[in-house]
Amino acid sequence: MAASKAVRARLQEATAESFALLDTLQKHAPIGNAFMDREFRYQQVNDELAAINGLPAPAHVGRTVAEVVPDIWPQVEPLCRRAPAAETAGAEVSGAADDARGERRFVAHHYPVRRET
């Protein structure tokens, strides 16, 4: 019993460390970065992507990519739809989009990845 508690504690600690690392990477990455759900709604957005899109990070949450950057969604959509089933995910998509302020922004990459289960 004590051994299983120790194993469980180590697993919980490792999980917490992994989430902390992902959080740190997301927050401090020098590139726009976001996590989305399966319906392509933003769940978490870093400040870099918020600046690129001209919309505060919290204003992204719950909105779809198509709602936030409709000009590039037609290019990004097929890639996003393939990502959950793909063995390897990632492709370069480039395009221009007007941000929330009406300024023209250029998006260079979208790399959707699927979560391993």
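What share of the 117 residues in the protein chain is buried? In this predicted model, buried residues make up 26% of the chain. The accessible surface comes to about 8100 Å², and carbon and sulfur atoms supply 56% of that area.

As for the overall layout, the chain has five helices and four strands. Turning to contacts, take the ones between residues at least 6 apart in sequence: 29% of them join residues at least 24 apart.

The largest nonpolar core has 14 residues, and the members that touch the most others are Tyr 42, Val 45, Val 65, Val 69 and Trp 73. The largest share comes from α5, which gives three residues. On the general side, nonpolar side chains in soluble globular proteins tend to be buried together.

Once its neighbours within four places in sequence are set aside, Trp 73 is in contact with Phe 40, Val 65, Ala 66, Cys 80 and Arg 81. One of these contacts, Phe 40, comes up again among the aromatic rings. The structure holds one aromatic pair, made by the rings of Phe 40 and Trp 73, whose centres are 5.6 Å apart. Why does the pair count as tilted? The two ring planes meet at 55°, and a pair is called stacked under 30 degrees and edge-to-face over 60, so this one falls in the remaining class. The pair also links distant parts of the chain, since Phe 40 sits in the loop between β1 (34-36) and β2 (42-45), while Trp 73 belongs to helix α5 (residues 73-82), 33 residues away. Both partners, Phe 40 and Trp 73, are buried.

Another spot where separate stretches of chain meet involves Val 69, one of the core residues named above. Asn 53 and Val 69 are 16 residues apart in sequence, yet their C-alpha atoms are 7.4 Å apart in space. Asn 53 lies in helix α2. Is Asn 53 buried or exposed? With a relative accessible area of 5%, Asn 53 is buried.

Now for the outside. Phe 19, Leu 21, Leu 22, Leu 25 and Phe 35 form a nonpolar patch on the surface, and together they have about 510 Å² of accessible area. Helix α1 (residues 2-28) gives the largest share of this patch, namely four residues. Phe 19 has its place in that helix, and its relative accessibility of 56% means that Phe 19 counts as exposed.

Charged side chains come next. How many salt bridges does a search of the whole structure find? The search turns up three. One of them brings together the side chains of Lys 27 and Asp 23, at 3.9 Å from N to O. Both residues lie in helix α1, where they are four residues apart, or about one turn of the helix. Lys 27 counts as exposed because its relative accessibility is 53%, whereas Asp 23, at 31%, counts as partly exposed.

The side chain of Arg 41 meets that of Asp 37 at 2.6 Å, N to O. Arg 41 also forms a salt bridge with Glu 39, and there the closest N and O atoms are 3.2 Å apart. Through these shared partners, Asp 37, Glu 39 and Arg 41 are joined into one network. What about their exposure? Glu 39 is partly exposed, with a relative accessible area of 47%, and Arg 41 is partly exposed as well, at 31%. Asp 37, at 19% relative accessibility, counts as buried, because the cut-off for that class is under 20%.

How values were computed
Residues are numbered from 1 along each chain as its sequence is written. This is a predicted model: local features need pLDDT of at least 70, side-chain atom pairs count only at pLDDT 80 or more; totals for chains, interfaces and linings use all residues. Side-chain values use heavy atoms; hydrogens and water are left out. Rings of Phe, Tyr and Trp (its six-membered ring) pair if their centres lie within 6.5 Å; planes under 30 degrees apart count as stacked, over 60 as edge-to-face and the rest as tilted. Helices (H or I, at least four residues) and strands (E, at least two) are DSSP runs, numbered from the N terminus. Buried means under 20% relative accessible area, exposed over 50%, partly exposed in between (1.4 Å probe, protein chains only). Patches are made of residues with over 30% relative accessible area and no salt bridge: like charges are joined within 9 Å, nonpolar side chains (Val, Leu, Ile, Met, Phe, Trp, Tyr) within 5 Å. Accessible areas come from the Shrake-Rupley method with a 1.4 Å probe; for residues, only the protein chains shown count as cover. A salt bridge is a side-chain nitrogen of Lys or Arg within 4 Å of a carboxyl oxygen of Asp or Glu. A nonpolar core is a set of buried Ala, Val, Leu, Ile, Met, Phe, Trp, Tyr and Cys residues joined through side-chain atoms within 4.5 Å. Contact means heavy atoms within 4.5 Å.
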